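Please read them with the structure open.

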Amino acid sequence: MYHFFVTQEQIGEKEIRITGSDVNHIRNVLRMTPGVQISVSSRETGVEYRCEISAIEEDCVTAGIMWAQEADTELPVKIYLFQGLPKGDKMEFIIQKAVELGAYEIIPVATKRAVVKLDGKKEASKRKRWNAISESAAKQSKRTIVPEVRQVMSFREAVEYASSCRVKLIPYELAEGMEKTKEVIAGIRPGDSVAVFIGPEGGFDEAEISCAAEAGVVPVTLGRRILRTETAGMTMLSVLMFQMEQ
């Protein structure tokens with residue numbers, strides 16, 4: 001069943017009005033017709049609505065609400081992925097998989113060893129593309145929210161932004177052994193917010209590791225092998241998903 005997102009303003013007492021690019025997708029790509037059932041979620045509340053399309057117009061699709069429920073596809077923790085800017089189009093892949101694995105928010109970080117440098121105009125274009133990928137992945141994986149891809153932050157800005165998270169983790173090759181990492185992850189509880197810092201291809205600079213440590217970010221290990229930046233975040237998210245999934 002196809003899944004779509006709307007704002008709370010588009011949800012009425014008995015029907016939902018879908019507008020924007022989803023109208024073209026429903027009409028001309030999926031070629032849906034009245035009577036087809038779809039799933040719709042509110043971006044603000046995460047409530048899932050099972051609907052039946054009643055009318056398809058040029059700029060609006062109207063769907064009658066059959067029933068609504070609090071969806072259970074979200075993790076009981078909010079995971080903030082702070083991703084060091086990678087080369088090429090790796091960020092698009094990282095965003096897609098992070099959304100599928102349950103990340104609540106994704107924050108690109110301009111670290112010292114990051115090769116990629118984005119000016120204001122280029123960043124705005126990239127961010128628009130990244131958020132479109134996030135929405136597409138959220139639809140595919142039946143998320144009830146669309147994780148936001150934030151503006152690019154410096155490492156210090158990212159650490160400050162993560163200060164409200166109860167748990168802050170940074171995979172690091174010089175971290176203590178796996179038992180310590182297991183202990184830290186086992187201490188995460190439903191309702192927690194978790195910040196995960198992932199370095200770019202060149203890893204974190206020593207000054208960044210020191211900055212993170214001063215802010216209470218805990219080094220953890222992902223094993224004895226060195227993982228690529230696009231693998232490290234997915235590994236960390238997978239471990240957290242397995243630990244917290246109910």
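This is a predicted model: local features need pLDDT of at least 70, side-chain atom pairs count only at pLDDT 80 or more; totals for chains, interfaces and linings use all residues.

1. As general background, nonpolar side chains tend to be buried together in soluble globular proteins.

2. Which residues does isoleucine 95 contact, once its neighbours within four places in sequence are left aside? The contacts of isoleucine 95 are then Ile106, Trp130, Ile133, Ser134 and Val149.

3. The axes of H2 and H7 come within 10 Å of each other and cross at roughly 10 degrees. Since angles under 35 degrees count as roughly parallel, H2 is roughly parallel to H7. The residues that meet across this pair are Lys90, Phe93, Ile94, Lys97 and Ala98 on the H2 side, and Thr229, Glu230, Met234 and Leu237 on the H7 side.

4. In helix H5 (residues 178-186), the buried residues are Thr181, Val184 and Ile185. Viewed down the axis of H5, these buried residues fall within an arc of 95 degrees, so they line one face of the helix. Glu179 and Glu183, on the other side of H5, are exposed. An α-helix has 3.6 residues a turn, so residues three or four places apart point the same way. The cover over the buried residues of H5 includes strand S10 (167-171), strand S12 (218-220) and helix H7 (229-244).

5. Turning to the sheet, five strands form an open sheet in the order S1-S3-S4-S5-S2, and their pairing is mixed. Strand S1 (3-6) and strand S2 (15-18) are the edge strands, each pairing on one side only. From one strand to the next, the twist averages 40 degrees. Helix H1 (residues 21-29) packs on this sheet, where H1 touches S1, S2, S4 and strand S5 (61-70), and the direction of H1 makes about 155 degrees with that of S1.

6. The individual strand pairs can be checked one by one. Strand S3 (residues 37-42) and strand S4 (residues 47-56) pair in the antiparallel sense over five bridges, and within S4 the bridge partner of valine 40 is tyrosine 49. S4 and S5 also pair in the antiparallel sense, over nine bridges, and they form a hairpin with four residues between them; glutamate 48 stands opposite glutamine 69 in S5. S2 and S5 run antiparallel and are joined by four bridges, with threonine 62 in S5 as the bridge partner of arginine 17.

7. Is glutamate 135 buried or exposed? Glutamate 135, which is placed in helix H3, has a relative accessible area of 19% and is buried, the cut-off for that term being under 20%. Not counting residues up to four places away in sequence, glutamate 135 touches Phe5, Asp22, Arg43 and Val146.

Conventions: Residues are numbered from 1 along each chain as its sequence is written. Side-chain values use heavy atoms; hydrogens and water are left out. Buried means under 20% relative accessible area, exposed over 50%, partly exposed in between (1.4 Å probe, protein chains only). Helices (H or I, at least four residues) and strands (E, at least two) are DSSP runs, numbered from the N terminus. The arc is that of the directions from the helix axis to the C-beta atoms. Contact means heavy atoms within 4.5 Å. Two strands pair if DSSP finds at least two bridges between them. Axes are lines fitted to C-alpha atoms, for helices over the stretch in contact, and angles run from 0 to 180 degrees between N-to-C directions. Angles under 35 degrees count as roughly parallel, over 145 as roughly antiparallel, 65 to 115 as roughly perpendicular and the rest as oblique.
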